[in-house]
Amino acid sequence: MHKNIIFFLIFSLFFMEGIAQKVSSCGYIIPPRSFTSKFASVYEAKDVVDRMLNNINWQVNFNLRQQNGIRNAYATISQGRRLIVYDNNFLEDIDAFARTKWASISIMAHEMGHHYFNHVVSQQGSTIPSEIEADAFSGYMTQKLGGTLEQALAAMSAIGTARASRTHPAKSDRLAAISRGWNAANADTPPSTANSGSSSDNRSGNNNGTPPTNPQTTPADDPSWIALYIQSNKDETVQLSDDGRKYQAAVIKAGQPFVFKFDIYQYGYLKLPYYNGVRTYKLFHGKDYMILYNRRNKNLTIVEIPE
């Protein structure tokens with residue numbers, strides 16, 4: 001009897017370890033197969049996607065492709081059309097593992113988020129900033145469809161990987177992004193359309209390139225945000241990045257503060273043109289900086305503004 005118990009415990013440990021080591025290309029721990037469960041998904045994929053599109057007034061045609069056996073769900077473009085490919089058994093298993101039908105819904109919302117922010121069009125593959133954006137969109141859409149914050153977090157809580165990889169953030173960062181998206185929807189703040197591409201898709205929402213924020217706190221009075229100033233009589237274009245790999249252009253207008261916040265870490269990176277290429281600087285939340293022009297070497301540099 002005791003030997004049987006010991007064998008069962010050892011087998012269980014090896015079984016769970018095997019599960020933990022299997023991670024999909026989307027950064028999800030692949031859940032065990034569930035053949036019968038009262039928590040199995042009850043939704044039709046097309047109906048859920050249509051409800052999401054209606055909630056954000058996005059007039060675009062999605063093509064859905066069920067492909068069982070891939071143990072994944074992902075966004076792609078095929079012949080110029082937006083496509084979400086999903087393994088229905090995989091989604092059912094996630095629902096059973098997370099004990100809620102909202103798990104699969106939030107994952108479909110995540111994949112829609114990749115389309116919404118045109119991550120697929122950029123063809124850069126998965127990056128930490130793009131995954132964070134899609135996670136925030138997932139939280140936003142889950143709230144709009146009637147899910148609670150706990151339900152929005154259920155899938156990532158169950159199958160998110162604890163450590164970050166080169167392409168995907170750690171579970172804690174992803175849960176924080178989902179929470180931000182859910183809170184933004186709860187405050188009725190439209191999803192950001194940073195990187196959203198052509199206006200022909202007819203998305204609703206703001207188009208200022210910033211993530212959804214709580215309207216009770218504005219960048220001007222939030223000390224955790226960063227302000228960039230330039231000591232010049234002309235505007236200057238600089239490059240900003242969350243992770244030091246993917247940069248986006250930002251125009252610093254002369255005489256006006258450029259206020260922003262990095263989404264991934266408590267710091268980010270700034271590139272300024274230099275005579276032999278560019279110089280990279282590290283910026284921290286809660287700090288303000290001044291971009292200065294050096295008349296001797298005709299280059300730009302940056303200094304922290306004392307409090």
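Reader: Before we start, what does "buried" mean here?

Author: This is a predicted model, and the word comes with a cut-off. A residue whose relative accessible area falls below the limit counts as buried, and that limit is under 20%.

Reader: Okay, so is Tyr 116 buried or exposed?

Author: Tyr 116 has a relative accessible area of 0%. The cut-off is under 20%, so Tyr 116 comes out as buried.

Reader: How many aromatic pairs are there, and what kind do Tyr 116 and Phe 117 form?

Author: Searching the whole structure turns up six aromatic pairs. In the one formed by Tyr 116 and Phe 117, the ring centres are 5.2 Å apart and the planes make an angle of 85 degrees. Planes over 60 degrees apart get their own label, so this pair is edge-to-face.

Reader: Which parts of the chain does the pair of Phe 117 and Phe 137 tie together?

Author: These two rings also pair edge-to-face, at 6.2 Å centre to centre. Both residues are buried, Phe 117 at 5% relative accessibility and Phe 137 at 2%. Phe 117 sits in the loop between α4 (102–116) and α5 (119–122), while Phe 137 belongs to helix α6 (residues 128–144), so the pair joins parts that are 20 residues apart in sequence.

Reader: Which residues make up the ring cluster?

Author: Phe 117 pairs with Tyr 116 and with Phe 137, so you can follow the rings from one to the next. Ring pairs bring in two further names, and the cluster reads Trp 58, Phe 62, Tyr 116, Phe 117 and Phe 137.

Reader: Which element gives the most to the largest nonpolar core?

Author: That core has 36 residues, and Met 52, Trp 58, Phe 62, Met 108 and Met 112 touch the most other members. Several elements each supply at least two residues, among them α2 (45–55), α7 (149–159) and α8 (171–186). With eight residues, the top contributor is α4.

Reader: What is the nearest side chain of opposite charge to Asp 87?

Author: Asp 87 is in the loop between β3 (81–86) and α3 (88–98). Leaving aside neighbours within four places in sequence, its contacts include Gln 67, Asn 68 and Gly 69. Asp 87 is buried yet has no salt bridge, and the nearest side chain of opposite charge, 4.6 Å away, is Arg 71.

Reader: And how far is Lys 271 from the ring centre of Tyr 247?

Author: Here a charged residue meets a ring: Lys 271 lies over the face of Tyr 247. Its distance from the ring centre is 4.2 Å.

Definitions and conventions:
Residues numbered from 1 in each chain as written. Predicted model: local features only at pLDDT ≥ 70, side-chain atom pairs only at ≥ 80, totals over all residues. Heavy atoms only, no water. Phe/Tyr/Trp six-rings, centres within 6.5 Å; stacked < 30°, edge-to-face > 60°. Buried < 20%, exposed > 50% of the residue type's maximum accessible area, 1.4 Å probe, protein only. Helix = DSSP H or I, 4+ residues; strand = E, 2+ residues; numbered from the N terminus. Lys NZ or Arg CZ within 6 Å of the ring centre and 35° of its normal. Lys, Arg positive; Asp, Glu negative; His and termini not counted. Salt bridge = Lys/Arg side-chain N within 4 Å of Asp/Glu carboxyl O. Contact = heavy atoms within 4.5 Å. Core = buried A, V, L, I, M, F, W, Y, C linked by side-chain atoms within 4.5 Å.
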